[in-house]
Amino acid sequence: MTSKFAVRLKSNRSKSTSSKASRSKELPRLRKKDLGNLVPKRGGIITPIVASWIVRATGWRTVGDIPNISQAVVLALPHTSNIDGIYAIPSLFSLDVQISIMGKHTLFKVPVLAQLLNWIGIIPIDRSNKGSVLQASIDKFKSGEPLFLGLSPEGTRKYTKAWKTGFYYLALGANVPILPVALDYKTKEVRFLSLVYPTGDIEVDLPKIYEQYRGVMPKYPERLSQPLQDINDSAL
């Protein structure tokens, strides 16, 4: 299903990405020095410098705010292309912020690969039991260690009718906030948005997250998930 918003973005994509990006006026530029002492850090010296150069070279920038908290479930949206990481990862490394993601535990059986995965921030998870994955993730937060856990609720780079809601119940069970992050090809920005604290009423809380992605242009608009198409169609 393709919405009016997706059709409009698709038709304007070439013009929007080839012309000078219209930057966010309401969101400040985010730099490494802006991060508080509680935010999980990678602790690198050279990597942020190199990553910052890459970000500038690609014409992208990072905006918004990362509150001074030690734990959060971080949402990466929209995710419609394999190249999204080319812009998102250098932006995160330039800030020296540590956002961990989950990976198959079997990958860590190879010593050299395990070292690389640990450096990147991959957390080994046994995905053979979905219920245990959720509980294991909650337990990671309950340990009290600083943790920003990155998840993609769309669950695919293709069009999807609904988001996977595991991220919500993870945040609720671990009693941590949700930090939405947008990758906007229209403005060429990695955008850190406002925290959402889960109340237990998912029907009330999800629209608060959807709303923050209004107007965000993905790499492939026709693949935009239905919830984000709907929030944009309502403004047309």
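1. Helix α3 comprises 12 residues and spans 17 Å from its first C-alpha to its last, close to the 16 Å expected at 1.5 Å a residue. The structure is a predicted model, and the remarks below should be read accordingly. Just after α3, D96 adopts a positive phi of about 65°.

2. The buried residues of α3 include D84, Y87, P90 and S91. Also buried in this helix are L92, F93, S94 and L95.

3. Beyond its neighbours within four places in sequence, S91 is in contact with V55, T62 and V190.

4. The largest nonpolar core contains 31 residues, and those with the most contacts inside it are V73, L75, F167, I209 and Y213. Two or more residues each are supplied by β2, α5 (130-142), β5 (147-151), α6 (166-174), β6 (178-184), α7 (202-211) and α8 (226-233). The largest share, 5 residues, comes from α6.

5. Which residues does F167 contact, leaving aside its neighbours within four places in sequence? The partners of F167 are V73, L75, L151, P153, I178, L206 and I209. Of these, V73, L75 and I209 are, like F167, listed among the residues with the most contacts inside the largest core. Apart from that core lies another, of 21 residues, with V55, W60, I99 and Y185 among them. V55 is also one of the contacts of S91.

6. P67 is placed in the loop between β1 (61-64) and β2 (71-77). Not counting residues up to four places away in sequence, P67 touches V39, L179 and L195. P67 and D34 are 33 residues apart along the chain, and their C-alpha atoms are separated by 9.5 Å.

7. On the surface, I45, I46, I49, V50, W53 and I54 form a nonpolar patch, with about 650 Å² of accessible area together. I54, a member of this patch, is located in helix α2, residues 46-58. The relative accessibility of I54 is 31%, so I54 counts as partly exposed.

Key. Residues are numbered from 1 along each chain as its sequence is written. This is a predicted model: local features need pLDDT of at least 70, side-chain atom pairs count only at pLDDT 80 or more; totals for chains, interfaces and linings use all residues. Side-chain values use heavy atoms; hydrogens and water are left out. Helices (H or I, at least four residues) and strands (E, at least two) are DSSP runs, numbered from the N terminus. Contact means heavy atoms within 4.5 Å. A nonpolar core is a set of buried Ala, Val, Leu, Ile, Met, Phe, Trp, Tyr and Cys residues joined through side-chain atoms within 4.5 Å. Buried means under 20% relative accessible area, exposed over 50%, partly exposed in between (1.4 Å probe, protein chains only). The expected span of a helix is 1.5 Å times one less than its number of residues. Patches are made of residues with over 30% relative accessible area and no salt bridge: like charges are joined within 9 Å, nonpolar side chains (Val, Leu, Ile, Met, Phe, Trp, Tyr) within 5 Å. Accessible areas come from the Shrake-Rupley method with a 1.4 Å probe; for residues, only the protein chains shown count as cover. A salt bridge is a side-chain nitrogen of Lys or Arg within 4 Å of a carboxyl oxygen of Asp or Glu.
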